[in-house]
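Student: I'd like to learn how to read a protein model. Can you walk me through it?

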Amino acid sequence: LKNTAASCCMAHRSVMYSSFELAREAWSVCCIDGMVQSEELLERSLARIAARIPVAADAASGPQRLHRLFRWREEEVGERRRPKFLRLVRPHRGQVHFLHFWHAFCQASRFVAGTAENLWAGGLLGEFDVLRDELMAIARRADAERGDGPQVAAQHIVDALTRVRLCSTDPEFWRAIERSATATAAADYGLEA
């Protein structure tokens, strides 16, 4: 990954993309299908993932910050040797769920930009992040209760969509997604039906 930080600076992404779009692009660039992928494949794809983290051309420390997230730490021992990004994705039994990847991607983007603020705050773009965080909280509670990994029941997805809709700048957008999620609640998208 030595040249990744320098090349990423040139691969600046506009903040006009949503965090979901950028994370999904990074996820799919690794030839990843579905909502869950092996930690090993993610590890082999670190350079390609790093290349999709937005680095502003005017952010002097951005490339160095990016390198800090994605480099192996030879001077450390055990888990701390692994790139920080691999720890941020919160692997469970060798698997990484897309919601954790998306969250880690947003954290990495904020770190590289040098801000604690959400780069995609406001409007629908920020509401997608709220939905992701709602679903992650539901998955953590379910895992704590059952201990069999992060899973979200379809009804919990619909409930999370309802909560986002009630606070949304565009409730009709979320109402349409709610209706679709309700109609396809039994379909398996890597989540519990």
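Predicted model: local features only at pLDDT ≥ 70, side-chain atom pairs only at ≥ 80, totals over all residues.

Student: Which helix does I49 lie in?

Tutor: I49 is part of helix α4. Helices (H or I, at least four residues) and strands (E, at least two) are DSSP runs, numbered from the N terminus. The chain has ten helices and two strands, in the order α-α-β-α-α-α-α-β-α-α-α-α.

Student: Does I49 count as buried or exposed?

Tutor: Buried means under 20% relative accessible area, exposed over 50%, and partly exposed in between (1.4 Å probe, protein chains only). I49 has 0% relative accessibility, so I49 counts as buried. Of the chain's 193 residues, 39% are buried.

Student: What is a nonpolar core?

Tutor: In soluble globular proteins, nonpolar side chains tend to be buried together. A nonpolar core is a set of buried Ala, Val, Leu, Ile, Met, Phe, Trp, Tyr and Cys residues joined through side-chain atoms within 4.5 Å. Here the largest one has 41 residues, and I49, F70, F85, F101 and L135 have the most contacts inside it. Helix α7 gives the most to this core, with nine residues. As for F85, its partners include L46, I49, L69 and F70, not counting residues up to four places away in sequence.

Student: How are two packed helices described?

Tutor: By the angle between their axes and the distance between the axes. Axes are lines fitted to C-alpha atoms, for helices over the stretch in contact, and angles run from 0 to 180 degrees between N-to-C directions. Take α5 (residues 62–70) and α7 (residues 98–113): they pack at about 140 degrees, with axes 8 Å apart. Angles under 35 degrees count as roughly parallel, over 145 as roughly antiparallel, 65 to 115 as roughly perpendicular and the rest as oblique. So α5 and α7 are oblique to each other.

Student: Which residues of α5 and α7 meet?

Tutor: G62, R65, L66, R68 and L69 in α5 meet A108, F111 and V112 in α7.

Definitions and conventions: Residues numbered from 1 in each chain as written. Heavy atoms only, no water. Contact = heavy atoms within 4.5 Å.
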